[in-house]
Amino acid sequence: MTSDPGPPGHSSASSSHRGTMPPTKEPDPPEHDVLTSDLPPGEPHRRHRTHRKWSARRITAAVVAAVILVAAVAALVDVVAVRAGRPAAAWRRHLADELATRPVDDVWMLTGAAVAAAVGVWLMILAFTPGQRRWLPLRSPARCPRVRAFLDRDGAAVLLRDAAMRVPGIGSARVLVGRHRIRARADVRFRDPRQVKDDLTAVLAEERDRLALARPPRVVVRLRRRTD
């Protein structure tokens, strides 16, 4: 006996659907943050400038506010007392007399003016400079330019010192990390000092690049021969 094959192409189509699974879509690769320096040369991109971390300067602001508040309250209380019919305070009368009678070239007048000018310049410097010199800014991701990260100078110095101690011939090392320079001082126990200096400079430069600093400092190496 033979079965009815049905319409042409029906059995082949149904068998193909039953015998094979539909193709599955492969998951997309995970996205990674790309730094501006890691983008391909031909791809257009914009450089995002990473600024230093600004200090809140709470202690300075609290001291200045407290001094201004005390002076303002004392003056206001004395003015209210005078308006109420009482005599002015002795300190205000003495201050007014001194300012009215002393000449401009008096030593105390010049000293007070110099102190006031120095305090004003100091407050202006604090207002217009970011501070937080112990924090080094890191490069911001290209896709998230508003994301900022910072690295402590002491932590960076420890990492660089550990890298310097791995150089053959180095007995001891000290690394100081600044905004513009990385100063490394090391004692050479063996090997040629010139070769050790070249190796140490290369190692420190490589470790510095791994830190992904926004403004990589220049590496300065100084060696000292130790024979004991």
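The legends below describe close-up views of a predicted model.

**View 1. Helix α6 along its length.** Helix α6 spans residues 193–210, 18 residues in total, and extends 25 Å between its first and last C-alpha, close to the 26 Å expected at 1.5 Å a residue. Beyond the helix comes Ala212, which has a positive phi near 60 degrees.

View 2. Buried positions in α6 are Val196, Leu200, Leu204, Ala205, Glu207 and Arg208. These residues lie on the same side of α6 because they cover an arc of only 165 degrees around the axis. An α-helix has 3.6 residues a turn, so residues three or four places apart point the same way. Arg194, Asp198 and Arg210 are exposed and sit on the face turned away from the buried side of α6.

View 3. The buried residues of α6 pack against helix α5 (153–165) and the strands β3 (170–177), β4 (181–188) and β5 (218–225). The largest nonpolar core has 22 residues, of which Ile170, Val177, Leu200 and Leu204 touch the most other members. At least two residues of this core come from each of α5, β3, β4, α6 and β5.

**View 4. Surroundings of Leu200.** Apart from neighbours within four places in sequence, Leu200 contacts Ala164, Val167, Ile170, Ala186, Val221 and Leu223. Leu200 is one of the buried residues of α6.

View 5. Val82 belongs to helix α2, residues 58–83. With a relative accessible area of 35%, Val82 is partly exposed. When residues up to four places away in sequence are not counted, Val82 touches Pro87, Ala88 and Arg92.

Key. Residues are numbered from 1 along each chain as its sequence is written. This is a predicted model: local features need pLDDT of at least 70, side-chain atom pairs count only at pLDDT 80 or more; totals for chains, interfaces and linings use all residues. Side-chain values use heavy atoms; hydrogens and water are left out. Helices (H or I, at least four residues) and strands (E, at least two) are DSSP runs, numbered from the N terminus. The expected span of a helix is 1.5 Å times one less than its number of residues. Buried means under 20% relative accessible area, exposed over 50%, partly exposed in between (1.4 Å probe, protein chains only). The arc is that of the directions from the helix axis to the C-beta atoms. Contact means heavy atoms within 4.5 Å. A nonpolar core is a set of buried Ala, Val, Leu, Ile, Met, Phe, Trp, Tyr and Cys residues joined through side-chain atoms within 4.5 Å.
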